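I opened my notebook to record what I looked up.

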Amino acid sequence: MTTPVRRHRGGAIQDRPLGWARNPLTEFDQLLSEMSGLIESTVGGAAPAVAWTPLADVTESDDAFHVEIELPGVKSKDINVEANGQELVVTGEIKEKERKGVLRRSARRTGAFEYRLRLPGEVDTEKINAQISDGVLTITVPKAEVAKPRHVEISETSESTERSG
């Protein structure tokens, strides 16, 4: 029994059978890598490396923003955290391991990464705290005093006081 295949408009047979699951992100990464290689070959290697964005969760509490970024295997010395106004920028590099033998499959990311986040409120950049544990970088960005919600007490005045004064 033969496997059904798709034909392109020109009549050429596609190399994948019908129903073959393909990941568009993998194909996009492959395209970026090929384009980067093309640029390096024409410019002579002067093109900068394409940075990828790590996965992250951002939560907000009453007094701070909390950012958790997945960076497995990365040491703190290879990470740079900068805050400028309301923007938080995390950059670094995951270095590829020296391997023995033939690499049959690789799905882990390596190379330069960059995570940018514009926070929705005023923050206190002097009190930002960052720590890494179990491959997760946790950054706590405190809100500025003016941005914190505060309860306003309402005082009562009697009508007779307002009319006589």
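Which residues is Val90 in contact with, leaving aside its neighbours within four places in sequence? I found Ile69, Ile79, Asn80, Val81, Phe113, Glu114, Tyr115, Leu137 and Ile139. I kept in mind that this is a predicted model.

**Entry: the overall layout**

I then stepped back to the whole chain. The protein has two helices and nine strands. From the N terminus on, I read the elements as β-β-α-β-β-β-β-β-β-β-α. I looked up burial next: 18% of the 165 residues count as buried. Residues 24 or more positions apart account for 50% of them.

**Entry: the core**

I went back to Val90. It belongs to the largest nonpolar core, which has 18 residues. Which of them touch the most other members? They are Ile69, Val90 and Ile139. I noted that β4 (64-70), β6, β7 and β9 (136-142) each supply at least two residues of this core.

I looked up the strand order here. An open sheet runs β5-β6-β7, and its pairing is antiparallel. Which strands are at the edges? β5 (79-84) and β7 (111-118) are, and each pairs on one side only. From one strand to the next, the twist averages 10°. I followed one pairing in detail. β5 and β6 (residues 87-94) pair in the antiparallel sense over six bridges. In this pairing I located Ala83, which stands opposite Leu88 in β6.

I moved on to another open sheet. Its order is β3-β4-β9-β8, with antiparallel pairing. Its edge strands are β3 and β8 (129-133), and each pairs on one side only. Neighbouring strands of this sheet are turned by 15° against each other on average, direction ignored. β4 and β9 pair in the antiparallel sense over seven bridges. I picked out Phe65, which stands opposite Val141 in β9. I then looked at the ring of Phe65. The charged end of Lys143 sits over that ring, 5.3 Å from its centre.

**Entry: the aromatic pair**

How many aromatic pairs does the structure hold? I found one. Why is the pair tilted? The rings of Trp52 and Phe113 have their planes at 50°, so the pair counts as tilted, and their centres are 5.8 Å apart. The pair links distant parts of the chain, 61 residues apart. Trp52 is in the loop between α1 (24-43) and β3 (56-60), while Phe113 is in strand β7. I checked burial: Trp52 and Phe113 are both buried.

**Entry: Leu119**

My last stop was a loop residue. Leu119 lies in the loop between β7 and β8. Is Leu119 buried or exposed? Its relative accessibility is 4%, so Leu119 counts as buried; the cut-off for buried is under 20%. I then looked for its contacts, leaving aside neighbours within four places in sequence. Leu119 is in contact with Phe65, Gln86 and Val141. Gln86 is 33 residues away from Leu119 along the chain, yet their C-alpha atoms are separated by 5.2 Å.

Definitions and conventions
Residues are numbered from 1 along each chain as its sequence is written. This is a predicted model: local features need pLDDT of at least 70, side-chain atom pairs count only at pLDDT 80 or more; totals for chains, interfaces and linings use all residues. Side-chain values use heavy atoms; hydrogens and water are left out. Two strands pair if DSSP finds at least two bridges between them. Helices (H or I, at least four residues) and strands (E, at least two) are DSSP runs, numbered from the N terminus. Axes are lines fitted to C-alpha atoms, for helices over the stretch in contact, and angles run from 0 to 180 degrees between N-to-C directions. A nonpolar core is a set of buried Ala, Val, Leu, Ile, Met, Phe, Trp, Tyr and Cys residues joined through side-chain atoms within 4.5 Å. Buried means under 20% relative accessible area, exposed over 50%, partly exposed in between (1.4 Å probe, protein chains only). Contact means heavy atoms within 4.5 Å. Rings of Phe, Tyr and Trp (its six-membered ring) pair if their centres lie within 6.5 Å; planes under 30 degrees apart count as stacked, over 60 as edge-to-face and the rest as tilted. A charge sits over a ring if NZ of Lys or CZ of Arg is within 6 Å of the ring centre and within 35 degrees of the ring normal.
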